[in-house]
Structure formats: C-alpha cells, structure tokens
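The exercises below are to be worked with the sequence and the coordinates side by side. Each task is followed by a solution in steps.

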Amino acid sequence: MVDGHISTANLGEFKIPTSYGCPQVNHRPDRESHGAAPFKDKAIADAIGVRLFELPLTAEKIYWALKQTQD
C-alpha cells in the first residue's frame, strides 16, 4: 500500500517478507543470567498491576495474586 492505496495489481507482484530481509541477530545468553523470567515478570506486572516474585510464573499464581488484590 502506498498512501492507503493498493499498489500491486495482483498477488504475483506482492513482495513477501523473508528472513533474508531481516538483520542478523547474534544472541549469546549469559550462563549466569536468570534468563527471561525478570522480563516476563515485568510484562505481567505492567499488564495486570500485580508483581510476582516466585518462579515458575504460572496462570494459577497470577490468579491468586489478582484474587488477593481484589479482597
């Protein structure tokens, strides 16, 4: 689309994004890091307003944390 208008006449002209168009990402996780758990906890806290401090983060723990804030 260009300025909200369709710019290709058919699907044969449509450019499909592939991995070749993406930059290469080299990620080496630190062995001493805690993985993605802190990021998930922060995302949950931002979404529902309740911070969880025990792993693993489960739906049941989220439920009970929300239940405690409502009481």
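**Exercise 1. Classify aspartate 46 as buried or exposed, then find its salt-bridge partner.**

Solution. The model is a predicted one.
Step 1. Aspartate 46 has a relative accessible area of 56%. The cut-off for exposed is over 50%, so aspartate 46 is exposed.
Step 2. Its side chain meets that of lysine 42 in a salt bridge, with 3.2 Å from N to O. This is within the 4 Å limit for a salt bridge.
Step 3. Lysine 42 has a relative accessible area of 44% and is partly exposed.
Step 4. Both residues belong to helix H1, where they are four residues apart, about one turn of the helix. An α-helix has 3.6 residues a turn, so residues three or four places apart point the same way.

**Exercise 2. State how many salt bridges the model has, and describe the one formed by arginine 51.**

Solution. 
Step 1. The count comes to two salt bridges.
Step 2. Arginine 51 pairs with aspartate 41, and their closest N and O atoms are 2.5 Å apart.
Step 3. Arginine 51 lies in the loop between helix H1 (37-48) and helix H2 (59-70), while aspartate 41 is in helix H1, so the pair ties together parts that are ten residues apart in sequence.
Step 4. The two partners are then classified by accessibility. Aspartate 41 is buried at a relative accessible area of 6%, whereas arginine 51 is partly exposed at 44%.

**Exercise 3. Compare the span of H1 with the expected one, and locate its buried residues.**

Solution. 
Step 1. H1 has twelve residues, and the distance from its first C-alpha to its last is 16 Å. This is close to the 16 Å expected at 1.5 Å a residue.
Step 2. Its buried residues are Ala37, Asp41, Ile44 and Ala45.
Step 3. Viewed down the axis of H1, these buried residues fall within an arc of 100°, so they line one face of the helix.
Step 4. On the face turned away from the buried side, H1 carries the exposed residues Phe39, Asp46 and Ala47.

**Exercise 4. Which residues form the nonpolar surface patch, and where is leucine 11 placed?**

Solution. 
Step 1. The patch consists of Leu11, Phe14 and Ile16. Together they have about 380 Å² of accessible area.
Step 2. Leucine 11 is in the segment before H1. At 73% relative accessibility, leucine 11 counts as exposed.

**Exercise 5. Find the aromatic pair and determine its geometry.**

Solution. 
Step 1. The structure holds one aromatic pair.
Step 2. Its members are tyrosine 63 and tryptophan 64, whose ring centres are 5.0 Å apart and whose planes stand at 80°, so the pair is edge-to-face.
Step 3. Tyrosine 63 is partly exposed, with a relative accessible area of 45%. Tryptophan 64 is also partly exposed, at 45% relative accessibility.

**Exercise 6. Which residues does the cis peptide bond join?**

Solution. 
Step 1. The bond joins leucine 55 and proline 56, with omega about 0°.
Step 2. Proline 56 is in the loop between H1 and H2.

Key: Residues numbered from 1 in each chain as written. Predicted model: local features only at pLDDT ≥ 70, side-chain atom pairs only at ≥ 80, totals over all residues. Heavy atoms only, no water. Helix = DSSP H or I, 4+ residues; strand = E, 2+ residues; numbered from the N terminus. Buried < 20%, exposed > 50% of the residue type's maximum accessible area, 1.4 Å probe, protein only. Patch = residues over 30% accessible without salt bridge, like charges linked within 9 Å, V, L, I, M, F, W, Y side chains within 5 Å. Areas by Shrake-Rupley, 256 points an atom, 1.4 Å probe, with all protein chains shown as cover. Phe/Tyr/Trp six-rings, centres within 6.5 Å; stacked < 30°, edge-to-face > 60°. Expected span 1.5 Å × (residues − 1). Arc of directions from axis to C-beta.
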